[in-house]
Structure formats: structure tokens, C-alpha cells
Amino acid sequence: MPLIPEEPQIHESVPGPRATPAAGRTAPTPRPVPGPGPRPAPRRPGSPGPNRGSTATPSAPSQRTAGDVAKPGPPTAAAKPGPPAASAPTGPQIQLIPASPEGALDAADEAVDLLLDSGRAPGEILVLTTGEQHPWATHELSFGEASYWAQQEAGDDVFYASAAASRATARPVVVVAVDGGADDTVARALPEAIRRAGTLLIVCGDAQRINALLAAGV
């Protein structure tokens, strides 16, 4: 299903292990998941309810004489159970931030800043890239993969990884920066990101390209 672009808003960035966003770049404020539908209209004054209205007068018991036999009525067909109701599909809320491949990382960083400003804990956020690694991930990997993945297990800060990394675990919020990569790479990354996102998925990239890949059956 194609994604609907969200209108970005500008918020002040907060310090963290992210690259400085480009000037003038905007990102949308994550919106809450829609709630239930409208409540039913209240009953009009004076309208009868389930137990309101006239009171029925009980009828006198029928009299039978000796030898009377009650005749059985026609058989009643047993009600057949219908098919079980299908449960509504569940999944994360999805938002799209339009950005060029060159600006996707900056848009992702600004989205992370907005999430932190709105009260999200850093350990709830996972950032994935389809092209080059995020500068934070590149820096941390220079100290070895063991210490790099240990930070994911600690879960006390935003974690940055390649979208192709199978060791990246699910988090409540996933931000995907479509900063490059072939179409088949992005096509694999999007459903994986949906699977990893608990409640919210934010995709930063070329809207036309992303919607085309989704329409193709991603």
C-alpha cells in the first residue's frame, strides 16, 4: 500500500550520536495511532429502552381435560454457526518524509531529534540505512563488531545499523534512511523494517521511488 507523505515540521535538535542535520531540513512530528470510531448517538428522551414500555399482563393457565395429548409442533432447524469474524490486521503506523538520497540521512537525524523531543526514550529507536552506513555506526564499528553490537544489547541509546544487518533487532520505533542502494536492496529493506517496527515506522527517501516499490508488491 503506497505511503502518504507527511507534512514535516521544524524542531530544535537535541544532542546525541547523530550527524548534524542540514540547514532548512524538516521532519514531521510523529502522529498518534488513530483511536476508535465515533460513539453511538444517545437515545432520544422518552424513547423506549430494552426494558421500557407497557407491562404485559400475565395470561391465565390453560385448562386441559383428562386424556388430552399435546401435539408436537414442527421441528425447528438448528442454527448453523457462521464463519469466524476476521480480525483486523495489525502493524506499525507508517510515515513518509520526502528526501533525496543525499538528504535522507539528515532527514532521519531530524526525525530522531523530533522523537526524542516528544518524549521517546533513546533505546526505543532503531535507525536503518539502505546505502552507506550512518557516521555513528561507521565510527563505532571501527572499535570492533563485538563492542558495536553490545550497544544494541544494552538498549540505552539510539542504535544505527545497515538495513541488511540481520542482527538488528526490533524496537518500538524504526527510522529508515533510503540513502542509496539498488531497488532490490530497498525492496527487501522496507518489509524488514515493517517487521522490526513495533508501533511506528518512518521512511525518509524519494517518495515516488518508495511508493513504486510498494505498489510492485513490497
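Colleague: Are Trp149 and Phe159 buried or exposed?
Modeller: This is a predicted model. Exposed would need over 50% relative accessible area, buried under 20%. Trp149 and Phe159 are both buried.

Colleague: What kind of aromatic pair do Trp149 and Phe159 form?
Modeller: Their ring centres lie 5.6 Å apart, with 40° between the planes. Trp149 sits in helix H3 and Phe159 in strand E3, 10 residues apart, so the pair links distant parts of the chain. Planes under 30 degrees apart would count as stacked and over 60 as edge-to-face, so this angle falls in the remaining class. The pair is tilted.

Colleague: Which residues do ring pairs link into a cluster?
Modeller: The count of aromatic pairs comes to six. Ring pairs link one cluster of residues: Trp136, Tyr148, Trp149, Phe159 and Tyr160.

Colleague: Which residue in E3 is the bridge partner of Val127?
Modeller: Strand E2, residues 125-129, pairs with E3 in the parallel sense over four bridges. On E3, Phe159 and Ala161 point one way, while Tyr160 and Ser162 point the other way. The bridge partner of Val127 is Tyr160.

Colleague: Which backbone nitrogen lies 2.9 Å from a polar atom of the Gln152 side chain?
Modeller: Gln152 lies in helix H3, residues 145-154. Its relative accessible area is 6%, so Gln152 is buried. Beyond its neighbours within four places in sequence, Gln152 contacts Phe159, Arg167, Ala168, Thr169 and Arg171. The backbone nitrogen in question belongs to Thr169.

Technical notes
Residues are numbered from 1 along each chain as its sequence is written. This is a predicted model: local features need pLDDT of at least 70, side-chain atom pairs count only at pLDDT 80 or more; totals for chains, interfaces and linings use all residues. Side-chain values use heavy atoms; hydrogens and water are left out. Buried means under 20% relative accessible area, exposed over 50%, partly exposed in between (1.4 Å probe, protein chains only). Helices (H or I, at least four residues) and strands (E, at least two) are DSSP runs, numbered from the N terminus. Two strands pair if DSSP finds at least two bridges between them. A polar contact is a pair of N or O atoms within 3.5 Å; within protein, one must be able to donate a hydrogen and the other to accept it, and residues adjacent in sequence count only if both atoms are side-chain atoms. Contact means heavy atoms within 4.5 Å. Rings of Phe, Tyr and Trp (its six-membered ring) pair if their centres lie within 6.5 Å; planes under 30 degrees apart count as stacked, over 60 as edge-to-face and the rest as tilted.
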